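User: Please take a close look at the metal site in this model. I would like a connected account that also places the site within the chain as a whole.

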Amino acid sequence: MSNPQKLSNQSRWPRLFDLLQAPFVALDRLMEAHLPPSMNPFAQTGALANVSFIIAAISGVLLLFWYSPSVHEAWASLENMSALGQLTRSVHRYSSDATMLLVLFHAAKLLFASRFSGPRWVAWVTGVFSLGTLWFVGWLGYWLVWDSRAQSLATISARLVEPIPIFTDPLSRTFVVNEAVSSGLFVTVFFFHMLIPLVIGVAIWMHISRVARAKFLTSKPMGAWLGASLLAVSIAFPALSSEQADMSIKPAFETMDWWYLFPLAVADRLGTGVIWTAAFVLGLLLFTIPWTLSRKEPEKAQVDLNRCNGCTNCANDCPYGAITMVPRTDGRPWELEAKVDPNLCVGCTICSGSCNSAGIGIPSLPVQDKRKVVDQWVDQVQNDGEEPLIAFLCANSAAGDFSIDENGVSTELPGFRCVQVPCSGWVNPITVERALRRGAKGVLVVGCGCSDPPFREGVEFTQDRLDAKRSPQMRLEKVDTSRVRFILHPRGDLVSMLADIDAYRTDSLAKPSGFKVQPKHWVKGVLVAATLSALVWAPSNMASLFEADPSPELVLSLKYRPKVEELCRPATEEEKAKMMRHMKSDTICERSRPDVNVRVSVGPSVVHQATYEPHGLASDGPSFALIKIPVGEGEHQVKIEVGHADRWTHVKEAQLVFRQMERHVFTFEEGVWTLSSPNSPRK
Ligand code: HEM
Ligand code: SF4
Ligand code: SF4
């Protein structure tokens with residue numbers, strides 16, 4: 001059967017996306033059945049992420065009452081906080097985790113619902129940007145505790161950025177002795193941790209700039225649930241530091257916050273290269289989704305000036321702010337006319353539902369023509385001696401994939417003449433009234449019924465228009481609306497939809513009565529909040545999988561620039577021939593910075609011997625080395641020799657006791673030796 005009216009999903013693989021979306025739809029249905037709309041997290045994922053982010057930002061600012069952003073005082077300032085400070089810290093930690101959870105939830109939900117194509121690319125791209133920067137802020141936040149987790153973060157961050165050729169002195173050398181960790185670097189991290197949330201704020205503003213009446217804040221009950229859940233988790237599981245960062249002790253921690261610190265485990269197991277590759281590939285895939293996964297640009301609404309009387313209804317209702325009212329251009333007696341910005345229009349057709357005079361809509365679904373077609377169907381069915389029933393089926397509803405022929409007949413919906421529409425918002429009350437007046441025995445509108453519909457406000461507006469609560473209103477006094485029903489069934493909800501339709505046929509489908517909040521809903525609400533809290537808390541305190549090798553370590557951090565040397569050798573006859581007359585010489589001399597040789601011995605054995613070339617574009621800078629050598633437990637004689645050519649010019653010897661997890665770090669910087677050893681055995 002042909003399907004001329006089919007308004008297919010805008011993503012490239014609609015079947016796959018339906019499959020991915022199914023669990024979200026099922027959970028959303030479950031919530032809708034058991035909770036009032038104001039307490040359904042699926043209805044307000046963006047707002048939830050936003051409110052959680054705001055809580056994180058406010059608690060972060062409040063933390064400044066207790067926290068000292070200095071590498072020497074940070075850890076102690078957090079350890080010695082008052083109970084209120086500790087609570088603020090925990091709320092900051094868990095609200096940051098909740099933000100990540102909720103942003104991922106929001107993004108996955110919109111991705112699987114294919115809400116990324118056409119003009120939504122702006123929301124998509126700024127969303128991905130916010131997600132990346134949010135993660136970065138969290139990663140930086142964990143530095144600020146300056147505990148052993150932060151120590152690992154710092155070391156891995158250094159390894160990550162070292163390949164970028166802007167650091168002359170390898171950053172890893174900063175994190176081998178406590179004295180080398182610069183206060184400046186720490187303050188820079190602190191500064192970015194405070195500044196980047198402002199950048200995210202700007203990104204979110206752009207994110208919702210193409211959405212009219214964005215649900216920026218949650219409903220009050222939902223906000224209260226979120227706040228209470230965060231408080232409960234914060235009291236039950238206070239955020240704690242691990243041991244103070246100490247570069248002479250290998251970092252070890254049992255748990256870590258996987259919401260932000262997962263790269264630690266990845267880098268530890270697979271190396272930093274994997275992180276760069278994954279970040280690049282994932283970033284590219286995510287940022288380009290609006291173009292790679294969209295099948296086609298949505299059809300854009302157009303205004304028919306012959307019908308538009310400038311009433312402003314459509315401009316007020318468009319959920320994407322795509323319509324503006326402009327001065328009349330055609331000399332007709334009205335002051336204004338509607339104008340659609342095709343760059344903003346997503347083709348939802350909610351404006352068609354707003355316009356009583358059929359003055360606006362997408363070209364493939366002209367309202368006035370459809371009204372006439374419905375008239376003909378009603379006449380035909382009546383002529384056949386049957387009762388005409390008309391159905392308007394939202395393309396995102398469970399009936400969205402029904403095959404419908406040019407006469408509106410669908411084998412999947414016998415007894416009805418059907419019109420498929422992109423959104424139930426297309427259905428204008430006049431269209432329904434006209435069908436009824438023509439003789440239709442009933443009009444059924446099937447909407448998608450998600451708590452956050454693909455076209456945002458289409459379901460709500462249609463319900464209100466049919467209930468005569470929103471302009472343009474159904475004129476209840478003019479027609480008998482007893483057989484007008486608006487039922488909501490998202491994709492996949494076929495069985496329940498067909499049951500409703502059967503009930504409709506036998507006239508036993510009750511009108512929805514609305515949700516009356518009862519005490520049991522509060523109990524269910526607590527269960528949902530507890531589940532969300534558990535989802536926030538569990539990854540936040542999961543085993544780190546970060547296994548430090550307990551064997552003691554001998555570390556040498558070297559920066560050495562031996563004097564430039566002149567090396568002379570006899571010139572060959574050929575070279576002499578090429579020399580200018582006044583520069584003739586028997587020898588050729590070249591000046592260069594020599595390579596640095598390093599030899600490390602523990603007891604009688606040489607455990608490391610290598611040569612390090614000078615850095616710098618002209619290879620005349622210092623040589624750098626960061627050498628980590630596992631050493632057996634116990635007391636050992638250590639000897640480190642540094643030199644060039646065949647001379648050992650600098651030698652350092654020490655008798656050292658090596659204990660598990662500890663490091664003795666020799667620093668050799670431009671001729672000066674320093675030895676940093678752990679003060680006391682680790683508890
Ligand atoms: C800090 C992070 C984020 C916040 C606070 C946030 C918040 C919001 C809000 C309040 C809306 C408007 C919802 C409405 O009223 O219908 C929205 C829409 C949207 N968000 Fe996000 N969002 C964030 C991250 C993301 C991410 C990571 C993505 C995807 C990668 C994303 C994709 C979208 C899209 C595509 C829309 C438009 C939906 C539509 O027009 O139908 N957002 N977001
Ligand atoms: S609703 Fe119709 S008549 Fe009113 S401004 Fe829009 S197009 Fe014109
Ligand atoms: S179809 Fe109409 S209501 Fe929908 S975005 Fe376009 S102009 Fe706005």
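Analyst: Of the 683 residues in the protein chain, 51% are buried. The model is a predicted one, and its secondary structure comprises 19 helices and 20 strands. The radius of gyration of the protein chain is 35 Å, whereas a compact globule of 683 residues would have one near 26 Å. The C-alpha trace spans about 115 × 75 × 45 Å along its principal axes. Among contacts with a separation of 6 or more, 74% join residues 24 or more positions apart.

The iron atom of ligand 1 is coordinated by the NE2 atoms of His 106 and His 207, at 1.9 to 2.0 Å. His 106 lies in helix 4 and His 207 in helix 7 (residues 183-207), so that the pair links parts of the chain 101 residues apart. Around the iron atom of ligand 1 there are 6 donor atoms, and the arrangement is octahedral because of the angles they subtend, which run from 86 to 178 degrees. For six octahedral donors, the ideal angles at a metal are 90 or 180 degrees.

Beyond its neighbours within four places in sequence, Thr 88 is in contact with Ser 59, Leu 62, Leu 63 and Trp 66.

Methods
Residues are numbered from 1 along each chain as its sequence is written. Chains are lettered from A and ligands numbered from 1 in the order in which they are written. This is a predicted model: local features need pLDDT of at least 70, side-chain atom pairs count only at pLDDT 80 or more; totals for chains, interfaces and linings use all residues. Side-chain values use heavy atoms; hydrogens and water are left out. Contact means heavy atoms within 4.5 Å. Donors are N, O and S atoms within 2.8 Å of the metal (3.2 Å for Na, K and Ca); water is not among the atoms, so sites may look incomplete. Four donors count as tetrahedral if all angles lie between 85 and 135 degrees; four count as square planar and six as octahedral if opposite donors are over 155 degrees apart and all others between 65 and 115; anything else is irregular. Helices (H or I, at least four residues) and strands (E, at least two) are DSSP runs, numbered from the N terminus. The radius of gyration is taken over C-alpha atoms; the globule rule is 2.2 Å times the number of residues to the power 0.38. Buried means under 20% relative accessible area, exposed over 50%, partly exposed in between (1.4 Å probe, protein chains only).
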